[in-house]
Amino acid sequence: MTTIKVIERSNYSQRRYERRAAFLARKREEVKVPSRSVEEIWDSIFKPVDETDVLANLLIGIKDIPDVQRKQPRQRKPIMSDSSVTERG
């Protein structure tokens with residue numbers, strides 16, 4: 001007796017659905033990223049630095065600033081030549 005093997009045929013929409021599901025499963029595996037802790041997120045936003053380096057850079061920066069003569073307060077000159085004060089109106 002001969003056995004007959006029946007090949008199941010699926011329609012186009014079913015094959016398309018299966019291909020799409022396989023594609024999305026592959027993409028999900030590629031994109032799998034472990035969740036990060038709050039500290040890791042903060043460290044990615046604000047780069048951690050060593051305080052001594054910051055202090056050293058600050059001191060070097062302060063030393064490099066040229067000494068600029070500060071603006072002297074303006075001395076009020078007397079109004080009259082004999083240094084007497086007159087009324088202003």
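This is a short tour of a predicted model, going from the whole chain to single side chains.

**Whole chain**

Start with the protein chain in cartoon view. Look for 3 helices and 0 strands; along the sequence they give the pattern α-α-α. Of its 89 residues, 0% count as buried.

**Confidence**

Next, colour the protein chain by pLDDT. The mean is 77, and 66% of the residues reach 70 or more. Which helix has the highest confidence, and which the lowest? H1 is highest, at a mean of 89, while H3 is lowest, at 81. Keep one caution in mind while looking around: where pLDDT is low, the coordinates should not be read in detail.

**Helix H1**

Select residues 12-31, which make up helix H1. Within this helix, show the side chains of Lys27 and Glu30, which lie 3 residues apart, about one turn of the helix. Their side chains meet in a salt bridge, with 3.5 Å from N to O. The count for the model is 1 salt bridge. Side chains of opposite charge can pair when their charged atoms come close.

Now move to helix H2, residues 38-45. Select Val38, Ile41, Trp42, Ile45 and Phe46 together: these residues make a nonpolar surface patch of about 520 Å². Where does Phe46 lie? Phe46 is in the loop between helix H2 and helix H3, the latter covering residues 51-64.

A pair of aromatic rings is described by the distance of the centres and the angle of the planes. The model has a count of 1 aromatic pair. Trp42 and Phe46 form that pair, and their rings are stacked, 5.6 Å from centre to centre with 15 degrees between the planes. The planes count as stacked because their angle is under 30 degrees.

Phe46 has a relative accessibility of 51%, so Phe46 counts as exposed, the cut-off being over 50%. Trp42 has 48% and therefore counts as partly exposed.

Conventions. Residues numbered from 1 in each chain as written. Predicted model: local features only at pLDDT ≥ 70, side-chain atom pairs only at ≥ 80, totals over all residues. Heavy atoms only, no water. Helix = DSSP H or I, 4+ residues; strand = E, 2+ residues; numbered from the N terminus. Buried < 20%, exposed > 50% of the residue type's maximum accessible area, 1.4 Å probe, protein only. Patch = residues over 30% accessible without salt bridge, like charges linked within 9 Å, V, L, I, M, F, W, Y side chains within 5 Å. Areas by Shrake-Rupley, 256 points an atom, 1.4 Å probe, with all protein chains shown as cover. Salt bridge = Lys/Arg side-chain N within 4 Å of Asp/Glu carboxyl O. Phe/Tyr/Trp six-rings, centres within 6.5 Å; stacked < 30°, edge-to-face > 60°. pLDDT = per-residue confidence, 0-100.
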